[in-house]
Every structure is written in C-alpha cells, then in structure tokens.
Amino acid sequence: MTILEDDVNLESGYYKRKYEDAEEEEEEEHRYPAKKLFLRGNMLNGYRANEHRCIGETINDCPVATLSNTGNTCYLNSVLYTLRFAPTFLHNLHHLVDDLLKLNSRVSQTKAKSSSLGRNVGPISGPSSRSTSSKDLLSLGGLNDIPKSKVQIVTEKLHELFMILHNLEEARKKDSNDTCQPVAFLQAVREANYIFEGNQQQDAHELLVYLLDNIRETCDLLTQQAQHFPELIVDTEVSSNSKLWNVRKSWKKTKKKDKIVISEEECIDHCVTDTEDSNSYDVLGPERKKFYNFVAEDFEGITLRRTTCLECECVTERKEPFYDIPVPINFTEDDYDVDPSVIYRDACVTSEKLCDTNKYICDNCLRHNEASREVTFEKLPNIMVLQLKRFTTTAAGVQKVNTYMPTPLRMACFCESCCKKGENSLHHYELCCVIMHLGAAMASGHYIAYVKASDQSEYSDCSRDLPKTTLSASTSEKSLNFFKYFKSKPSSSNNSVIEHKNGVASKSLLPVCKSMSCCGVKMNKNVVENAINYSRRNGQDPWRAREDMWLECDDESVRPITSQELQDFLAYKPGGTTSTPYLLFYSKITESSDD
Amino acid sequence: MSTLKPGGQGGRKKVQVSMVICEAEEKRHRSGVNALQVDPMLDRLYSAGRDSIVRVYEHERYHQSMEHHTDWVNDIVLCCGGRNLISASSDTTVKVWNAHKGFCMSTLRTHKDYVKALAYAKDREQVASAGLDKSIYLWDVNTLTALTASNNTVTTSSLGGNKESIYSLAMNPPGSVIVSGSTEKALRLWDPRSCAKLFKLKGHTDNVKALVVSRDGCHCISGSSDCSIKVWNLGAQRCIQTINVHTDSVWALLATDNFAYVISGGRDKKVIMTELKNPENSITVCVEEAPILKMCFTADHSAIWVSTSESNIRCWKLPTEKHFKGEASMPTNPISLIQGGAAIKLAVVLNDKRHILTKDTDNNVAVYDVLRARKMEDLGPINFQEELKNRFKMVYVPNWFNFDLKTGMLTIHLGQDEVDCFSAWVSARDAGVKDEPDQKVNYGKLLLQALLEHWRGVDPNIEPKSYFSVPVHTPLIFSEVGGRTLYRVLVGDTKGETETALLNETVPSWVTSSLEDNCTSKFIKVQFYLQPHSSVPSNLLKQDRHKKPDRLVANDFIQCRKVAEHILDKFLGEGGSGSPGGDAEPTPNATSNNGTTVDQIELTCNDQVLDPAMDLRTVKHFIWKSSADLTLYYKLINAK
C-alpha cells in the first residue's frame, strides 16, 4: 500500500512518504494488489517514472540514499544500513522475494484454473496445512484477497525499501535530499511484532535478530510452499536455480573443509559420544537442502558444547545453531597489550568445571560427578555477528557498560578447526559493519552504523536470474562503475587474497545479475571520487583509499570515511566515552595459501 | 498442592528418607570396584565397591560384607597389620572398621564433598584422606581406633594450598612426604611431619588420577588423564621421564618394591608393566574387559589383582625376567577370578507408580515393587522396550518418589521437595491392601510406616500400622537432600536401643507427623467444568444449567462414575447444585426422579468416551493432556 503512494510522489518529483489517514489507507488496500504488481513490473524492467527529470547530475553530499529518522528510529536505520551493505545480503534478499513472487503467481494461476471449475479455495488450502504459518502460506497465492503472512510482508517490505533507496540513487537530482522515511517497513514490522510498537527507542540487536529470523522463516516458507506444489517446481525456476544461488567462492570452499574436519573428529572420538543435534541443524534432510536458506547459510554458526565426566571421562557433545555470539565485556588494563583476536577468542571459547553443588549427572556413571564443559564453535558463520554485552540487567534496571573493547578490523577465526591449527588457521574475519550505541542508557541513546563499502562482487557471480538479453548490462555496468576500480587491482598480500575478487576480475565481462538494477546499491560516483581525491591530497594511496572506503551512516547523513578514520573512532579514548561499538559484523575470508 | 509444614528442623537442610532395594546378602559386587587391599597374613582380599559395600574374600572365597557407606567407596587402606580398615566414600565420610570382624567403628565427617583418595604411611600408622573439597586431612590411626561413643573427638591436621579437586594421593611408608594429584594438572607436595607445603610439580596436561611414592621419598610416579606416566625426581623437583605406553587415560599405578618396574592400568583396559630404567621394555600384563580402576599385589608379589569399572575382579600373573627377555609369552587367562554381579543400568517407573521395570548389565529385565522393597519377578534377557509397552496401563498416579542407580541397586528417595512423597492416593483395592474400592491409601505413608514399623519411637497404640512389610535387611538412610548422609540403619535393627535413640534425633518431623495423623486433608484436587453435550435435551436440565458452567473441584482420584452420579443428582435431578463430594461419599439413589440411571450418563473428554472406573487425574493426564482446567461433557444414552 505504501509503494502506491510512493509511486505517486515519485511522479510529482519529490519523494516523501506520508500517512494521511486511516481511511485512505483502507481504500488503497483494495486497489493495492493489482497496482503493486504493475509497479513492481515496471521496476524490474528498469523503468523509472521520473527518469526524464534526471538530466544533469550534481554532486550530492551523500554517496548513497539515506534514511531519515521518523522519531526514535535510529535503531531501525542503523540495522537497515548494515543489512544493505552486509556482503551478499541484499542480493540474496532480492532473489528470495523474486522467487516468492514467481511462485505466488504460479499458485494464483493454478487457483484461477481451479476456481473456474467452481472449487474456489478448496484444493489449495485443503488437507496439508499443518501450522498457522503454512496456512498463511497456502493462502498467499495472494494476488487477490487473501492476506499474506505477516512474516512474508515484512520481508517484502524490506525489499521494497531497498528498491526505493535504489531508485532514489538512480534518480539523483539537483537539490534533492535523497532521503527516505522507512515508515512502511516499520509499520509492517510493528504489525508483525508488537514489541516494536510505540515510538520508544529500541534495542538494535533485538531488531536485527527479529529481522534475520523473519527472513529465515520466509526462506522456509518458500521451501515449504514449493513442496506443497511439486507440480509448480517443475515450471518455476526455483528448484533448478536455487542450487546455483551464488555463494561466495571462498565460503563454498570453507564449507567443504568444515565437513572433512567433522568426519575426522567422529572417527577419532573414542568415547561414547552422543551427539544430540538440537532442532534444525543436520536434521533437515535432503528436501530442505534443495532450497537455499541464505540466512541460515550466511548467519548461522554451530556451537559445540562438550562435557567430559571427570570420573569415567566419557564425552557428551551437543551442537546448537546460533545467529550471533554474545560477548561479555571483561576488558581490564592488562588487556591493552593483548591481541584483540585473543580477547574475543577467550571471551567466546569458554570452559568451565561443573563441581560442588553444580555437579553433572553422568549417563554412564548414573550419578552426579564433576565434569568439565567446553563451549567451542564447530562452524562460525560467513557473516559473524558479535553482540557486545553492553546492557546488563541489574536491580536498578538495565545499565550500560561503557568499558572499552577493541574492535579489530581483522580478527583471527576462533572456530574449532582454526583453534587447533594455530598459526595456520583456515580462515580469518574482516570487519564489515559496526553498529555503535551512543549515550548512557538504552532508552536515551542513539545508534549509528559504520559500513564497509561493499564490492558487490556477488552480483557478477550470480548465475541465476540472468536477463533474457544482455541489454540491461548497460545500466548494470553503470552502477558497477565504482566497483570496477577494485576489481582490476592486483591483490597486495598473498595470504589474504579474497578469492571472489580475482574470480570476478577474470569474468568481468559476464552479465551482471539484474537484481543490481532493482534494489542494488548505487553509489554517487562524484561523492566517492571527491572523498578519494581528498585522501589523495592528504598523501594516501588512492587504491588504498578505495579499498578502505567506509560509510558513516547516521540517519539522514551518510559520509565516506577511510578505515583510518574509522579506527580512530573505535580506538580507546582516555577518560572513557559513551560512544561504544555494540554490534560487530565480520565477514569470513578463507585463506588460500594452504592449497 | 500439599499443605504440609516444612521439615521443622530449624535452619537445617531438609532431610529425606531413602531405602535400598537389595538382597539379604549381597555376596557379589554390583558395579565397578574402586579399590583393593590384600591381607597376606589371613590371605584376605578386601574390595571397595561402587555399590557402597566393602567385601572381604578369604582364600578367594566370599567371607563377608562391610556395609555402612551409602555411596561409592572410593578407596580403602588396610592398617595396623590388618586389624583395621579405613575407607573413603562419595557419601563424604571416612570410616574406620574392625577389619577382622567387619563392623564400622567410627565415621569421620570432616570432608564436605566426595572423598576420593587415601594414603597410608605404614611406619607411622598415619592415614591421609583427600577429595573434591580440595582438602587433605591427616589422621593418626591409633587415635581413630581408640574412639568410643563418649571419647569421640579427634584432632586432624589439614594440608592446605590445593586449589582444585583432588583425585589421587600418595605417601611413602615412613611418612616423610605426601603427594596429591588434582584437576590442577600439577602435583603438590607436603611434609606430613610438619604439614609444611613443599612445592608443586607441573608437567601433566590433564587430571592426575594415580600416584606412587618411593619408600625413600626421592621419587614419585604419576599417571594422568593426558595418557602419560611421569617419573619425578623429588629432590631435583623435576620430571625425569615420561612414559607413553597407554593410548588413553592412566588411572592406576603400582611400583615394585625396589622401584625397578611400574605397573600401570587405565581407560584403555590394559595393564602394562614397564621397566623404569628402560621404558622401551614394557609388557602388557593383561587386557581387561573394562577400564582399569585399581591394582594390588598378591601376597608373594608374583601376581596382581585387577579391578575395573565392571564387577569382576581378576588375578593376573606378572611377567618375570623370562618374559622381558622374550623367552616366554604371557598367559592370556587370569589365574583367578572373583565373580561379580550385575548392576541395574536402566530403570523405568511404571504408570502405577509402584512397580519399576529394570534392566541390568547382563541385559536381564526384572520387576521391582517399591512398596514391598523387593524384586517381584525376573524376566530374563527379554526386550526391555517391548516389555515396557506390554506393561503400559492407562492409569495416572502422581509421582511420589525419586530413585537413583548410582550403586547399581535401586535406591528410593522419599522427600518433601519437588516430589512430595504423600501425593499418591490410590484406592485400597488397587493398592491390594483391602478389598474396599472406596477407601483410599497413601503410597508414601504406607512405605514410611513399613520402613519404621519396628522403631520404638512410633506409638504402638496407633491402629494396625502397616499393610505391607519390607524386608528387615533393607537399608534405611536419612540424608540431607542432595547432600550428606546423616544416619544409615537396617529396617530390622531399628528396634535396638541405641538405634531408637539415634532415630529419635534423626527422623524428620514431616515423617513423624505423617505417621501419627491420617493425612486426609492433603488430597490433591482437580478443577474441572461439566458441560452438557449438544444432544442433551434442554428440558431435562435444570434452569441454572444453561448459564456459564461452574468450576468444580474434586479429589484427583475421583472416578468418572462419581461424576456421573453428581450429574444425575445435581444437574438433572431436583437437588441443589454443588461440587461432587470431596470425600467421595457414595450416592445411594442411583436413579433420579425422571427415571434416568447413572449408567445412562456418558461422559466424554476431547470426544473420547470415558470409562466410569477411570479417575479424574487419569482423564486429565491421558485424555485431556493439558494443564488447563479439565472440561467434561455429558450426555444421555438410551434415554427414554
């Protein structure tokens, strides 16, 4: 419904999202489905209602379209900026929403057929509905009157928001602010989850967890839905293409290695090892594997809790999937000399002794015994989210911990295989986004995000959803211009080669996924060039400056900064500060030297 | 639910009552054997079992059991030339025994956690004990054996400085040095004469579970969970040798008198003898069927007794010069075997909450009756899960006891914590005490009455106390919940004078008060709604029945027939409305004025027709399957 209004505003040349009154909204809801499809169709074809208006581009302050604060929504904006620039997220989201749309139109066709036979809803929402969500799903044949699940709406609204941002960037014009109010998206979130209702400041972490969960669920819905209509899969591209959903090459390789390690372990383990896989992991079976749940793929890691009875020394292992790692803040003066990687490893990889009144009930000894328990990481995700535990609940309410914690740009991997390998670890992590919390308390503070200007190589690697002709390459090329600088640059260190970059360099003539021109990030070249020139004048290597480009995203204001500047922001401030990193996003890089 | 007062023991921890279901004489070890001692004079072998019993074998034949511990016996030492035995247990006590006669002389309660290890300095008749409470206490054996009921104080010196749980301890015979091994992964040494801390030896990378010190106190050998054996020069305070002959944790060590050979055993089930001067020279003495827990030389030192985490104890010949030179091969069979018994490994309480189906280490399945504290049936090596399915009965009785299998026998715990032992009321007929379906008995109370039947503290004037009796050999244990044992006595011994006096102090007030009053006020209630089925003609119902239904309350063991009677009486008839009788008084008039009988009322729950003999808690648990208030529907069948 919001898109519709946006569309109107776009036509009038000035983008501003307004909620007039409830009545109008309701009216729009009736007209909504058909018009929305129409609009979306336009966008997929690269159609821009206001194209004729963008004649002379001028230098804008912000390199990308910005999100305005609609009243205590900086928590939302910081998370949205982060997700937009998190490696591969935007691209994968596009394909998820796109697949859903395709499947839905298929379903509605089937439905139309059956309704012509006079059996309106019957055959579809028939016997197979098990949970409420699958019920929602079945009904989301959804181009007519039946409501979609709230979960799916949130995902779609998120994608729409990114489309709007993209369109703003495409349509850059003089004196325009390029600002978007994410009201429609926020509304969808609030409708789906009451805890985000009201205009109070919220916990950015809570929102992030909720959104990722939401999208993961949408991925599952897609999978489920496709299984309900096996006859549809044959026709749609979903099944054949989902295998090809592009995974960063470096990540693919990692996965394979992890598996080898696991099987070795199982062989070596001499003990009665019962592996209780809790819920989703591994139990998913082959059907699930057919579909690519990118949230699970990129954000999910696996913890391994290993308990050893000190009497019989039998080992019990328990694996659990996780989406972020809470990091306790125990930084002391002695830690200034310690490698930050070690600080994080020690905070996450823990061991404890179960003793005294907290003894362990050993299934082998059938009694309470002392035991040692280790928590390690069998697999760390491609995008690792570290949540610094800055908010502690005390008797006096929630209090913020302002203690300094280092935020290294590069962090050694602490998954179990890497810990065993020591110096020759298999992967490392590079910082890609930081959400900072500024202020003394959760309710009164402000959130800003620092994001690394992504190279978006995943769009070129994408083998699904290619345009029928390569004609859209022209627009895509344009939007990729900025990133081309990166690609031709030979990599400097032989160890930390980011493989996908090389891969792209050799294939740079390949057509780029057309989702780039739907919701991709399009940087304002002039702003970027200015920033690079500026740092060049300050004696910096321009190549380096491009590699090091970060964006400081503070609601309506987004400005490019260098990684040096970022490091200065994150560095220890004598006397302390309440501007503290809160959520750290690290991207996994697989070392290539060991082949 | 229950309105019982707390234990009434003031600030003391709540006391629970436990009993062990066992045979009159448990001749065989039920589970692993943690420690061994040989008395060469009487040709006796003492073995400390995980089943809490120290057994004595004379000339390799079972002689007697020394029962007083209530948990695993972890270590024993024979002292005073074989007259006394000291034992350490996970019940946190150290006990002093008259070894010849086999009775417990005194109990030392100084430790606060499992006592894992003992060390003995023969020349000074000194014993040290250590455990998971990180402390080491030194005891003078002559003082310990002289303790009497009136002279019951003993002084002990404590060796401090340990930071972690101690799993092994050793002292040399002259008592000049004592070594401890712990999860700290280091050895710590003291001079027992001055109690002075000497030093710490680092090198192992895991828990140290076995130690030996040479007679002169110059050398020490340690066995660790890091799979290695280390030889230490105590004068130089360093490791002089690391022996890696095992592929898994080393749990037991012995050294020959001259410290020429070390014999080691562990988790890899192997016993290996290694020449210390030349560690390449090692011979596998035997391969056992389970991880090795302890070894002990026979009187002539030509063979060793080996105990494992299973109950058999075998004697193996040690290799001689000949074997080390490769001139002879080691025998593959033990020279002697003390047969152990089977431990219960799996137990499931049946739905009647009275019988327990068990499976032991020999895969034999058996049925136990908790109320009678005895085994009812041996079913042999049948399929356990199948038998469990066959014995399924759709009847629900609340939990009223806990149990554990740590000793390899069933130990039943009655308490007042999460599981209230008075929560199970059943009809006297179901319990098999009287053929009166309307009289209710309480399982917990029945069992407590039986257990304390012989105790003089119970007023003998109370009418026929017990319908059941439990075997007189049944051990009765009073302990703090999740903690230390206060008192252990056999059911048949409770009539003794000293025992009565001790019981008067120990029996918690929640037990005594329950034995005296008849607990009827403590019935558990079920709340439920009664609704007419849509087929019930409204003209049959009284006017107020069309309104929102009242919430009814009844005892959880009320049968559906009683509810039907209530419906007939109150809903369809002319009487006033109210709850069905909490005290289950039978309704004499089974026909109401319009000629309907109880048998014509059909109750359903979740669309399932209810058997009139089924009680409400069973309906709630098996048919309603929710913690929310139960809703029952009624309709008339064959109505005129």
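This is a predicted model: local features need pLDDT of at least 70, side-chain atom pairs count only at pLDDT 80 or more; totals for chains, interfaces and linings use all residues.
**Entry 1**

Next I looked up the make-up of the chain: chain B holds nine helices and 44 strands. I then checked burial and noted that 46% of the 640 residues of chain B count as buried.

**Entry 2. The contact with chain A**

I turned to the place where the two chains touch. Chain B puts 12 residues into the contact, and chain A puts in nine residues. I sorted the chain B side by class and got two nonpolar, six polar and four charged residues.

I looked up the record for chain B. Residues 66-107 of chain B are 60% strand and 0% helix, with the end C-alpha atoms 14 Å apart. For residues 201-242 of chain B I noted 55% strand and 0% helix, and the end C-alpha atoms lie 14 Å apart.

**Entry 3. Sheet 6-7-8-9**

I followed the strands of chain B in order 6-7-8-9 and found an open sheet of four strands with antiparallel pairing. Strand 6 (73-79) and strand 9 (103-108) of chain B are the edge strands, each pairing on one side only. Ignoring direction, neighbouring strands of this sheet are turned by 25° against each other on average. I looked at one pair in detail: six bridges join strand 6 to strand 7 (residues 84-89) of chain B, in the antiparallel sense. In that pair I found Val77(B) with Ile86(B), in strand 7 of chain B, as its bridge partner.

**Entry 4. Strands 10 and 11**

Is strand 10 (residues 115-121) of chain B covered or open? I found it mostly covered, with seven of its seven residues buried. Strand 10 runs antiparallel to strand 11 (residues 126-131) of chain B, and six bridges join the two. Val115(B) has Gly131(B) in strand 11 as its bridge partner. The two strands form a hairpin with four residues between them. In the turn I noted a positive phi of about 45° at Glu125(B).

**Entry 5. Sheet 18-19-20-21**

I then traced another open sheet of four strands in chain B, with the order 18-19-20-21 and antiparallel pairing. Strand 18 (208-213) and strand 21 (238-243) of chain B each have a single partner strand, so one side of each is left without a neighbour in the sheet. From one strand to the next, the twist averages 25°. Inside the sheet, strand 19 (residues 219-224) and strand 20 (residues 229-233) of chain B pair antiparallel over five bridges. I picked out Gly223(B), which stands opposite Ile229(B) in strand 20.

**Entry 6. Helix 5**

I moved on to helix 5 (residues 443-451) of chain B, which is mostly covered: nine of its nine residues are buried. They are Tyr443(B), Gly444(B), Lys445(B), Leu446(B), Leu447(B), Leu448(B), Gln449(B), Ala450(B) and Leu451(B). What do the buried residues of helix 5 of chain B pack against? I listed strand 1 (15-21), strand 35 (410-414), strand 36 (425-427), strand 37 (440-442), strand 38 (475-480) and helix 7 (509-516) of chain B.

The axes of helix 5 and helix 7 of chain B come within 10 Å and cross at roughly 100°. Angles of 65 to 115 degrees count as roughly perpendicular, so helix 5 of chain B is roughly perpendicular to helix 7 of chain B. On the helix 5 side I found Lys445(B), Leu448(B) and Gln449(B), which meet Val511(B), Ser514(B) and Leu515(B) in helix 7. By class, this contact has three nonpolar, two polar and one charged residues.

**Entry 7. Ser469(B)**

Last, I looked up Ser469(B), which sits in the loop between helix 5 and strand 38 of chain B. Why does Ser469(B) count as partly exposed? I noted 16 C-beta neighbours inside 10 Å for Ser469(B); a buried residue would need 20 or more, and an exposed one 12 or fewer. Leaving aside neighbours within four places in sequence, I found Ser469(B) in contact with Ala450(B) and Glu453(B). I also checked Leu447(B): Ser469(B) is 22 residues from Leu447(B) in sequence and 8.3 Å from it in space, C-alpha to C-alpha.

Technical notes: Residues are numbered from 1 along each chain as its sequence is written. Chains are lettered from A and ligands numbered from 1 in the order in which they are written. Two residues are in contact if their C-beta atoms, placed from the backbone, lie within 7 Å. Ala, Val, Leu, Ile, Met, Phe, Trp, Tyr, Cys and Pro count as nonpolar, Asp, Glu, Lys and Arg as charged, and the others, Gly among them, as polar. Two strands pair if DSSP finds at least two bridges between them. Axes are lines fitted to C-alpha atoms, for helices over the stretch in contact, and angles run from 0 to 180 degrees between N-to-C directions. Angles under 35 degrees count as roughly parallel, over 145 as roughly antiparallel, 65 to 115 as roughly perpendicular and the rest as oblique.
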